[in-house]
Amino acid sequence: MLGPSGLRRRSELMGALRAFFVARDYLEVDTPVRLPCLLPEAHIVAFSSDGWWLQPSPELCMKRLLARGCDRLFQICHCFRKEECGRLHQSEFCMLEWYCSGVDYLGLMAECEELLTSLSRTLIHFPSLQVSGQLQWQDKKIDLSPPWERLSVHDAFRRYTGMEVEEALARDLFEELLVSHIEPRLGQQGPVFLYDYPLALGSLARRSAARPKVAERFELYIAGVELANGFSELTDVKEQRRRFASEIAFLHSQGREAAMPERFLNDLEHMPASAGIALGVDRLFMLLSGVTDIRQAIPFPEETL
Amino acid sequence: MYTASDLRKGLKIQIDGEPYIVTEFDFSKPGKGQALYRTKMRNMITGVQFTQTYRSNDKFERPDLEERTMQFLYSQDDEFHFMDTASYEQIFLTREQLGEHLNFLIDNMEVQVLFFGDRPIDISLPTFVNLEVTVADPWARGDTSGTDTKPVTVQTGFQLQVPPFVEQGDKIQIDTRTGTYITRVKE
């Protein structure tokens with residue numbers, strides 16, 4: 001339940017996010033939330049809307065704008081994912097997504113560091129940010145000063161589970177081990193980037209040239225909370241079509257609808273080398289408010305509607 | 001049948017012919033991967049607890065429970081007595097069986113008592129109950145501390161966060177599923 005002062009802080013966060021990107025010459029865009037065709041993704045279930053779909057993320061339209069010549073753009077918008085509800089999930093949530101051409105995922109990691117550093121200065125009156133360069137959340141003191149730890153998925157599995165990531169994937173234990181053994185350990189002293197995901201888990205991410213088994217994808221963790229997901233964008237149209245075909249085959253095997261997003265693939269031909277990232281604004285505000293449940297960080301949790 | 005996405009705290013399911021209630025629940029979906037439903041359950045007959053992680057495709061049977069409308073009469077020691085409002089038959093449930101329902105249960109309240117065969121095993125409360133605030137700090141108008149809520153205690157002893165204007169003696173409506181404040185009620 002957010003009252004007047006919580007809503008004011010949330011509004012100040014929104015203002016600070018916009019100011020950060022506008023100052024860096026990012027273009028703010030607002031793309032449609034209702035779409036006739038989505039990017040096929042195996043583990044995301046979208047809400048249907050009169051024959052179309054509510055967007056599970058603004059990725060599709062924002063990349064089409066990249067292809068149209070916008071080279072730095074950001075958006076703060078609502079996204080919808082069916083069957084996602086819990087301490088860190090609501091089926092409607094607020095996303096910040098940004099794209100930048102001419103950089104890869106390493107560039108985005110650096111920008112995340114700069115974003116949080118900037119917020120911690122702008123929002124110094126938040127009770128959680130009163131010690132300079134530090135986030136106080138529950139009983140934790142999280143050091144926000146860069147550089148943040150970068151930990152590969154490969155090393156994280158070795159360090160925290162004792163199982164190689166390849167074996168975890170083969171035995172269908174990847175997600176379970178990630179949730180039970182790895183995530184709770186990440187970002188407890190300072191934020192952590194978990195990076196270089198198995199290729200199969202980055203359907204829109206570019207394959208690493210140096211390490212062909214992984215995709216150039218990362219997730220940002222603070223206090224065990226997955227806050228953002230970014231990657232170097234795949235711009236190889238043939239490869240993207242192949243990966244979509246395999247996602248569509250999986251979705252069809254589950255009895256779910258999916259179609260090849262032809263207009264997206266058509267525009268992808270013209271998309272420059274770039275990187276993009278999505279950050280959960282409700283989760284960020286949850287961390288900045290010192291609360292542990294996303295419902296305490298939004299104006300109307302679902303059960304209050 | 002229920003699917004994993006129906007799982008939530010308080011849901012009752014049937015496993016191997018016995019009724020279970022979900023006591024703790026955590027949804028997670030790491031890194032665009034499969035959804036995981038980490039669940040802690042209690043056998044509603046034996047009280048035995050266990051934890052299990054389910055996935056989207058898992059399905060569960062609904063337990064075969066009969067519901068009867070009953071009125072809460074009184075408690076003695078750790079036994080809470082209810083009466084069938086049609087047949088006047090009386091039964092009781094234990095403190096352990098009622099668990100967090102006791103946060104919202106007051107004398108004369110009508111509830112649904114759930115029977116597995118002829119054994120009462122649980123109750124289901126009205127979704128919204130009106131309870132009196134028995135302990136509350138006075139409202140300091142013009143408070144600039146920036147807090148939107150304050151803690152109060154209601155007649156059952158349950159504590160919750162409410163807006164600052166709620167005062168001692170007020171009746172408030174509470175959502176019994178979440179224990180959260182909904183509104184102040186005038187009676």
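The model is predicted: local features need pLDDT of at least 70, side-chain atom pairs count only at pLDDT 80 or more, and totals for chains, interfaces and linings use all residues. Residues are numbered from 1 along each chain as its sequence is written, with chains lettered from A and ligands numbered from 1 in the order in which they are written.

**Chain A**
- Chain A holds nine helices and 13 strands. These are DSSP runs, numbered from the N terminus: H or I of at least four residues for helices, E of at least two for strands.
- The radius of gyration of chain A is 19 Å, which agrees with the value near 19 Å for a compact globule of 305 residues. The radius is taken over C-alpha atoms, and the globule rule is 2.2 Å times the number of residues to the power 0.38.
- The C-alpha trace of chain A spans about 50 × 45 × 40 Å along its principal axes.

**Chain B**
- Chain B has one helix and 16 strands.
- Its domain assignment lists domain 1 (2–60), domain 2 (66–124) and domain 3 (128–185). Such bounds come from an automatic or database domain assignment.
- In chain B, 32 Å separates the C-alpha centres of domain 1 and domain 3.
- Along the principal axes, the C-alpha atoms of chain B fill a box of roughly 55 × 55 × 25 Å.

**Burial**
- In chain A, 40% of the 305 residues are buried. Buried means 20 or more other C-beta atoms within 10 Å of a residue's own, with C-beta atoms placed from the backbone.
- In chain B, 21% of the 187 residues are buried.

How values were computed
Buried ≥ 20, exposed ≤ 12 C-beta atoms within 10 Å, placed from the backbone.
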